[in-house]
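The report below describes a protein structure for a reader who has the sequence and the coordinates at hand. It begins with details of the backbone and then moves to domains, chains and charged pairs.

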Amino acid sequence: MTALLTFTVLVLVAIAIWQMTKIFELSQTKTERSEIANDSDNKNNGYLLFAFLIFIYGITIFSFAKYSKMLLPEAASEHGGDYDQLMWVSFAIIFFVQTITQALLHYFGYKYRGETGRKALFFADNDRLEFIWTIIPVIVLAGLILWGLYTWTNIMDVNEDDDPLIVELYAQQFNWTARYGGDDNVLGEANVRLIDIANANILGIDESDPNAEDDVIVKELHLPVGRKVNFKMRSQDVLHSAYMPHFRAQMNCVPGMITQFSFTPTVTTEEMRLNPDVVDKVKRTNVIRAQKGDDPWEFDYILLCNKICGKSHYNMQMKIIVETEEEFNAWMAEQKTFKESVMVDEAETEAEEQVASTDEEADVESEESASEE
Amino acid sequence: MSEVAHVSHDDHHDDHGHHHKETFITKYIFSQDHKMISKQYLITGLIMGFIGIAMSLLFRMQLAWPGESFGIFEAVLGKWAPDGVMDADIYLALVTIHGTLMVFFVLTQGLSGTFSNLLIPLQIGARDMASGFMNMISYWMFFISSVIMIISLFVEAGPAAAGWTIYPPLSALPMAQPGSGMGMTLWLVSMAIFIASSLLGSLNYIVTVINLRTKGMSMTRLPLTIWAFFVTAIIGVISFPVLLSAALLLIMDRSFGTSFFLSDIFIQGEVLHYQGGSPVLYEHLFWFLGHPEVYIVLLPALGITSEVMSTNARKPIFGYRAMVASILAIAFLSTIVWGHHMFVSGMNPFLGSVFTFTTLLIAIPSAVKAFNYITTLWKGNLQLNPAMLFSIGLVSTFITGGLTGIILGDSTLDINVHDTYFVVAHFHLVMGISALYGMFAGIYHWFPKMFHGRMMNKNLGYVHFWITAVCAYGVFFPMHFVGMAGVPRRYYENTAFPMFDELTNVQVLMTVFAIIAGLAQLIFVYNFISSIFYGKKGPVNPWGSNTLEWTTPREHIHGNWPGEIPHVYRWAYDYSKTYENGEYIIAGQDFVPQNVPLQENEEELNH
Ligand code: HEM
Ligand SMILES: [Cu+2]
Ligand SMILES: [Cu+2]
């Protein structure tokens, strides 16, 4: 309703402006003024075009000077180094082209601003010139394509070489869960149809799959440094995207499908916290946070959701901790396996339910009958 | 002005010459005259643009000052902004509707509809569109779809909020998001009607260009505007039906329980029955339109720029044939690059390689166009009218935005910037701002043609351009850095991540520029409206232009030319053409309109 009201107000404002134009019109003295650019318009706007070129350079320099330090720190994964290098070279190229073309465009605008009596050059075609500026982009782009595709193929080749750690990233509105294959490093089968919230089987893991027993389900992603990790992404409801910017890694999570990404972390969280860029960033950030009255921040790698997924899309995150092999093993040893946390609980609840003999779910019944036989 | 340029008026009247009895309704509402329909498109498009831009200012304020209370939020958003604090759901709805309005309603139908309708018949020398009736239907379907889209803003649970790309399952499941209920239904209905409107319009443009060219107007003599509208219409006819099928399948999934795009979903505590569909299929279908769509938006703007730039530089457009060739190349390639929006969607990485290849190919004709524009300025006699400034501005933003396309088109580099603000910066510059500039250039340039010889105030035009130009870079240049810092798009606020805290300053800067830019558009609105009623009348051919539309009288008449349709003897770009002795072809005049026969001793070019 308020929106409708505002809409009406806007219409009224428009009418008011229109009325004002009438007044404006009446108050204008009748001078002979043409609405076509004359020499002085050309001159003024020619100078402004030149000034605008300086503005473009200015905002470029300003942005680089002020914002470069806010960008992501050096890559923390093996392929991330290649990524950063390719990015750097591509940037150098487009930056070069940008500087030159903007200069020509605005300089010509300034240089050839119109003047009465000036004659423009009738210059309609020049095959040689056109050939040159077709072939140069062809060559440069061919180079970039080849390099890019080589890197892409390497990054996207998810294979089982070098004994990768297998981790499932599970997305739902609006949080992440990670599942490790456990001692056997093999994930148990899972499907959303097997989800059993009452029994804490939140990922829909197939309880009859022996591989599932030692799976470890956690809410914080721990990764050992230097070991390849193969991620298997799943989503239970809508599209999400597992975005790990510090590792130059991203893959969508698609309901009904398992998607994959693989990378090798190379810098532990501890090491990254000592990186000078990160130290500076944390310092700057904490000054801001202190002003706002927020708690101080300590750097951590983070997993963000990067595909619009609903109301709390903006706060769908999971902490990532990269640590040494020993630390990782020690942490893993503390975690409960699927069998310990869910199957056991379930047995208990089942027993309770039987005692109470209340209404039971169909799948629980069928499981019972299976065990009775 | 020379007498050769005049059309003889005492020729016999042909069948279109006599006057029909017109009522207010047939003249202004259910008009079948292309010039009136063009104005209807323009006004509707501008109103939608006004709403779309206003929405963007609201969510930009939320981004700069997250969680802050604003009276304007409460006033405009009502229950969606309790105590003046914007709700997260309505944030997404605003982003979604903003994108939809700007891409489809303003820059597709608002831009193409206006200028294809105005210029195709006038520039090719036709009395009207091939089918005036179909043209009228096309506009009214556009109008109905606009109305439905606006109505969807007022539904109880809020308008569609799944992003302008409305990926399922988010857009398919009302329990995933309130906007995916009635709001999404209306969105889909509106878009289905919109697509039908666009198809009717496009078919009409194609047929008109093919069949109704005046004598002598060969394809290679067409002004580049017409080439652009013609090819745009063809891409539209090829790709919009695919979006329609995506929309229909989505409607079926939503309402009739099919599983085209849905599978294995557990939401709000229950498993849904959907099985076997794939959201990735939807992405393919959407982007099969979506990428051509960005060129549907851009090509008309480039066409307008070619015409405006050549006229105001008093020089032929450089490399006419190369320009036509690149329009065709872009059109062809644009239908085989859609996968670059899906590098990390889970599709086979090998497909990603193919799409990287085709995507970087499309950079080549784009580069050729940019270089040709720059060369057109070289050694010109530039008349820096507002339309000319907007054209130069278009080339500038097209280059800046196009270059970052090289980063995004590289599947490797896209991994880390996909769906971040880097993408938002890229497409706003290359498509949003560039096409808007094209539209403004067209409006300033052809305003006298639309409104009976009245012209827009040039000084207000200059102020409008310069503020807009500075602010456009002010908003979108720093945005690249926000994206490279890792900030995802479509986040209601960035406060949940301390690593983004220091970027809030950048957000504030961008928002301030955006608000100033928004206010500057009011100058345009004022200029536009007051010039309709009080604009100064200029000469019949104010810009000294070669194309046929300026041979028609100022007052609109049905059938465009009172007498015979002029014949065409040359291409549209004989600006500053001289004899070998250096004298202009028509003494004292630096342009030779298309309807002037070849003069004695004049060197004939290939056109
Ligand atoms: C040099 C040529 C260009 C290349 C190589 C290129 C490449 C790309 C790529 C790869 C993306 C996807 C990025 C991502 O989502 O991660 C993208 C997004 C986009 N591009 Fe371009 N682009 C080019 C020119 C254009 C032009 C000329 C337009 C418009 C006329 C345009 C409009 C868009 C739009 C609207 C999006 C974002 C769609 C969305 O996700 O909402 N691009 N571009
Ligand atoms: Cu999410
Ligand atoms: Cu695209």
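B:Pro169 lies in the loop that runs between α5 (132–151) and α6 (182–211) of chain B. The model is a predicted one, and in it the peptide bond that joins B:Pro168 and B:Pro169 is cis, with an omega of about 0°. A cis peptide bond is also found in chain A, where A:Gln173 is joined to A:Phe174 with an omega of about -5°; A:Phe174 belongs to the loop between β1 (165–172) and β2 (175–180) of chain A.

Another backbone feature concerns B:Asp264, which is not a glycine and yet has a positive phi of about 50°. B:Asp264 is placed in the loop between α7 (224–255) and β1 (266–267) of chain B. These features are listed because most residues other than glycine have a negative phi, and most peptide bonds are trans.

## Annotated regions of chain A

In an unreviewed entry, UniProt assigns residues 64–159 of chain A to the feature "domain: Cytochrome oxidase subunit II transmembrane region profile". In the model this span is 71% helix and 0% strand, and its end C-alpha atoms are 39 Å apart.

The UniProt record, again an unreviewed entry, also gives the feature "transmembrane region" at residues 6–24, 45–65, 85–110 and 131–150 of chain A. Among these, residues 85–110 are 100% helix and 0% strand, with 37 Å between the end C-alpha atoms, and residues 131–150 are likewise 100% helix and 0% strand, with end C-alpha atoms 28 Å apart.

## The two domains of chain A

The domain assignment divides chain A into domain 1, made of the segments 1–29 + 36–79 + 94–114, and domain 2, which covers 165–372. Ten residues of domain 1 of chain A are in contact with 17 residues of domain 2 of chain A, and the area buried between the two domains is about 1200 Å², with 56% of it on carbon and sulfur atoms. Of the area that domain 1 of chain A buries against domain 2 of chain A, 44% is supplied by A:Pro73, A:Ala76 and A:His79, more than by any other three residues.

Which kinds of polar pairing cross the interface of domain 1 of chain A and domain 2 of chain A? The rule finds zero salt bridges there, whereas eleven residue pairs are in polar contact across this interface. On the side of domain 1 of chain A that touches domain 2 of chain A, the residues divide by class into five nonpolar, two polar and three charged.

## The interface between chain B and chain A

How many residues does each chain bring to the contact between chain B and chain A? Chain B contributes 142 residues and chain A contributes 127 residues, and the area buried between them is about 12200 Å², of which 68% comes from carbon and sulfur atoms.

Nine salt bridges are counted between chain B and chain A, and there is a salt bridge between the side chains of A:Lys311 and B:Asp87, at 3.0 Å from N to O. Across this interface of chain B and chain A, 46 residue pairs are in polar contact. Helix α10 (residues 349–377) of chain B, with 15 residues, gives the most to the side of chain B that touches chain A, and by class that side has 89 nonpolar, 33 polar and 20 charged residues.

## A salt bridge within chain A

Over all chains, the structure holds 28 salt bridges. In one salt bridge, A:Arg248 pairs with A:Asp84, and the closest N and O atoms are 2.7 Å apart. This pair links distant parts of the chain, since A:Arg248 is in the loop between β6 (240–244) and β7 (249–253) of chain A and A:Asp84 is in helix α3 (residues 78–111) of chain A, 164 residues apart.

For residues 24–552 of chain B, UniProt lists "domain: Cytochrome oxidase subunit I profile" in an unreviewed entry. That span is 68% helix and 2% strand, and its end C-alpha atoms lie 23 Å apart.

B:Leu57 is found in helix α2 (residues 34–64) of chain B. Leaving aside residues up to four places away in sequence, B:Leu57 touches B:Ala514, B:Ile515 and B:Gly518. B:Leu299, by contrast, is 242 residues from B:Leu57 along the chain, and the C-alpha atoms of B:Leu57 and B:Leu299 are separated by 27 Å.

Technical notes. Residues numbered from 1 in each chain as written. Chains lettered and ligands numbered in written order. Predicted model: local features only at pLDDT ≥ 70, side-chain atom pairs only at ≥ 80, totals over all residues. Heavy atoms only, no water. Domains from an automatic or database assignment. Contact = heavy atoms within 4.5 Å. Buried area = accessible area lost by both parts, 1.4 Å probe. Salt bridge = Lys/Arg side-chain N within 4 Å of Asp/Glu carboxyl O. Polar contact = N/O pair within 3.5 Å; in protein donor to acceptor, adjacent residues only side chain to side chain. Nonpolar A, V, L, I, M, F, W, Y, C, P; charged D, E, K, R; others polar. UniProt positions renumbered as here; feature names shortened; annotations may be inferred. Helix = DSSP H or I, 4+ residues; strand = E, 2+ residues; numbered from the N terminus.
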